[in-house]
Amino acid sequence: MQLLPDQELHVAIIMDGNGRWAVERGLPRTAGHMAGVNAVRTVVEAAARRDVAMLTLYAFSSDNWKRPRTEVNSIMQLLVSRLPAESKKLSREGIRLSVIGRRDRFPDAVLQAILNAEALTRDGDALHLRLALDYSSRAALVCASQHLNGDVRHNLEAVQHALARAYHTETLVPDVDLLVRTGGEQRLSDFLLWECAYAELFFTPVRWPDFDDIALDEALTEFGSRQRRYGRVVEVA
Ligand code: IPE
Ligand code: IPE
Ligand code: MG
């Protein structure tokens, strides 16, 4: 089920390792989140120069609300302080930003910053950048199931549409081609479970703040060497 034009990739990244990056430097974990924002800028620019049509970044999971209040507050504060200037840059670069996840639990200032960023970058067509915030893939699937009517047992497209509605996106939900997780863990942590059905997985120990254009190229090169079979048998020459 390829929902983006041929050769145009959907890359998704679980941006993990901010806290350990900071602790390894004797800094508070919040310093890792700050450094992580700079890595986002580097990687978005690099993705726009490559064949990436969609880049989905996992920035804050629904389970991350369980972290200490001070850490959660500092992440919310980072969104409020960095989104306005970043979205101006994105709009100049023709990059569309949208946010997937729940929207009913953010502080007002965060929600406003998200809405402004989405409005400002709406017409971008060079790259579609999606930020997953207060995101849980299982919650999205449960929410999507409430939008399904009738018998959709064999209708994958109906599920795609329902998921798109659940995520606050007006388009179909595209499959992930390449899923990258930084920080050394090898798990999905409730990210894009449906969309990763046939994703190629790439795990790296590099902490997210150290992930850069060269690291992205390494992941894309590795992706290019994989043979995607989707259940079929491919003749060996
Ligand atoms: C990812 O880095 C960022 C968020 C989850 C907000 P972490 O904060 O999880 O960093 P580690 O995994 O503790 O190093
Ligand atoms: C996943 O990282 C969420 C984000 C990167 C935003 P976590 O650090 O929260 O995941 P676990 O707890 O190690 O599974
Ligand atoms: Mg982590």
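Q: How many salt bridges does the structure hold?
A: This predicted model holds 23 salt bridges.

Q: What is there between E185 and R20?
A: The side chains of E185 and R20 form a salt bridge, with 3.4 Å from N to O. The two residues belong to distant parts of the chain, 165 residues apart. R20 is in helix 1, while E185 is in the loop between strand 5 (178-181) and strand 6 (200-203).

Q: OK, ligands. Which residues come nearest to ligand 1?
A: D16, G19, R20, R29 and R67, out of 13 residues around ligand 1. R20 is also the salt-bridge partner of E185.

Q: What sits 2.9 Å from an oxygen of ligand 1?
A: An N or O atom in the side chain of R29.

Q: And what about the backbone, how far are G17 and N18?
A: For G17, a backbone N or O atom is 3.4 Å from an oxygen atom of ligand 1. For N18, the corresponding distance to an oxygen of ligand 1 is 3.2 Å, again from a backbone N or O atom. As for cover, ligand 1 has 380 Å² of accessible area on its own, and the protein covers 88% of that.

Q: Where is ligand 1, in pocket terms?
A: The space that ligand 1 takes up is the largest pocket. Helix 1 (18-23), helix 2 (29-49) and helix 3 (69-92) are the elements giving two or more residues to the shell around ligand 1.

Q: Which helix gives the most to that shell?
A: Helix 1, with three residues.

Q: How does the ligand 1 shell divide by class?
A: Five charged, five polar and three nonpolar residues.

Q: Switching to ligand 2. Which pocket does ligand 2 sit in?
A: Ligand 2 sits in the largest pocket. That pocket is also the space taken by ligand 1.

Q: What surrounds ligand 2?
A: I14, M15, D16, Y58, A59, F60, N64, R67, R181, R187 and S189. D16 and R67 are also among the residues that come nearest to ligand 1.

Q: Which element supplies the largest share of the ligand 2 shell?
A: Strand 2 (residues 52-61), with three residues.

Q: And the classes in the ligand 2 shell, how many of each?
A: Five nonpolar, four charged and two polar.

How values were computed: Residues are numbered from 1 along each chain as its sequence is written. Chains are lettered from A and ligands numbered from 1 in the order in which they are written. This is a predicted model: local features need pLDDT of at least 70, side-chain atom pairs count only at pLDDT 80 or more; totals for chains, interfaces and linings use all residues. Side-chain values use heavy atoms; hydrogens and water are left out. A residue is near a molecule or strand if one of its heavy atoms lies within 4 Å of it. On a 1 Å grid over the protein atoms alone, a cavity is a set of points where a 1.4 Å probe fits but cannot get out, and a pocket is an open set with protein on both sides within 12 Å along at least five of seven lines; lining residues have an atom within 4 Å of a point. A molecule sits in a cavity or pocket if more than half of its atoms lie within 2 Å of its grid points. Helices (H or I, at least four residues) and strands (E, at least two) are DSSP runs, numbered from the N terminus. Ala, Val, Leu, Ile, Met, Phe, Trp, Tyr, Cys and Pro count as nonpolar, Asp, Glu, Lys and Arg as charged, and the others, Gly among them, as polar. A polar contact is a pair of N or O atoms within 3.5 Å; within protein, one must be able to donate a hydrogen and the other to accept it, and residues adjacent in sequence count only if both atoms are side-chain atoms. Accessible areas come from the Shrake-Rupley method with a 1.4 Å probe; for residues, only the protein chains shown count as cover. A salt bridge is a side-chain nitrogen of Lys or Arg within 4 Å of a carboxyl oxygen of Asp or Glu.
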